[in-house]
Amino acid sequence: MAMDLSELRRDSCLGRRGLALAGLAVTVVLVVAATPQLLGPDVRNAIDGLERAQPAWLWLAGVSFVGALLCNAWAWRTTILLCGGRIGWLSSAAAYGIGSLANSAAPARVGDAVRIGLFSRAFDAEERRERLWTTGGVFSAIGAARALCLGALVVVAAALGALPVWPVLGLGGLVVAALVAAFFARRRRAERAVAHVL
């Protein structure tokens with residue numbers, strides 16, 4: 001079944017600028033990988049240590065890394081679809097990947113802002129601000145799910161005596177607050193900016 005070119009362009013999160021940014025980031029990563037002496041002896045020692053590593057473990061790590069990226073991208077896609085947006089599998093992986101490249105090349109987790117900007121194109125809202133608020137809510141929901149997983153790990157660590165109990169109470173309070181906010185916001189119509197985040 002042939003796909004219309006205009007439909008493909010509309011569904012894509014990447015424009016020429018996004019492709020140029022992705023190409024530049026890949027080029028920088030390749031240059032750094034080809035010349036590890038640019039980043040000092042620690043990087044050179046790490047790359048030299050790869051010769052002694054077992055290939056099966058390296059392949060498993062590589063496949064797991066790609067799998068984690070795809071799972072994160074598709075978690076964004078699923079959440080956006082639940083909020084009424086429209087984005088394809090490939091577009092969500094590309095938008096998440098560009099955000100990851102931005103995080104690896106820029107300070108202060110700028111890639112999260114890049115992801116919010118790219119994923120906001122999945123919504124048909126006329127106002128850009130409204131789309132960004134909704135996508136910010138998607139980012140918050142995914143962050144809350146991660147906090148829940150982190151909370152479970154902290155509970156297990158506290159039960160085994162590896163951590164004190166106070167982080168369990170702090171993370172538990174945050175998770176309860178996120179669940180309460182999500183429960184009360186789930187059937188309300190988004191009319192204000194804060195409602196789009198919720």
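I started at W76, which is buried at 2% relative accessibility. My cut-offs: buried is under 20% relative accessible area, exposed is over 50%, and partly exposed lies in between (1.4 Å probe, protein chains only). The model is predicted: local features need pLDDT of at least 70, side-chain atom pairs count only at pLDDT 80 or more, and totals for chains, interfaces and linings use all residues. Residues are numbered from 1 along each chain as its sequence is written, and side-chain values use heavy atoms, with hydrogens and water left out.

Next, aromatic pairs. I searched the whole structure and found three. Rings of Phe, Tyr and Trp (its six-membered ring) pair if their centres lie within 6.5 Å; planes under 30 degrees apart are stacked, over 60 edge-to-face, the rest tilted.

I took W74 and W89 next. The ring centres are 5.0 Å apart and the planes stand at 90°, so this pair is edge-to-face. W74 sits in helix α4 (residues 55-82) and W89 in helix α5 (residues 89-105), 15 residues apart. I took helices as DSSP runs (H or I, at least four residues), numbered from the N terminus. W74 is partly exposed, at 31% relative accessible area.

I then returned to W76. With F139 it forms a tilted pair, 6.2 Å centre to centre and 35° between the planes. This pair joins helix α4 to helix α7 (residues 128-159) across 63 residues. F139 is partly exposed at 31% relative accessibility. Ring pairs also bring F119 into a cluster with W76 and F139.

Last, charges over rings (NZ of Lys or CZ of Arg within 6 Å of the ring centre and within 35 degrees of the ring normal). R77 lies over the face of W89, 4.1 Å from the ring centre. R115 has its charged end over the ring of Y96, 3.9 Å from the centre.

Definitions and conventions. Helices (H or I, at least four residues) and strands (E, at least two) are DSSP runs, numbered from the N terminus.
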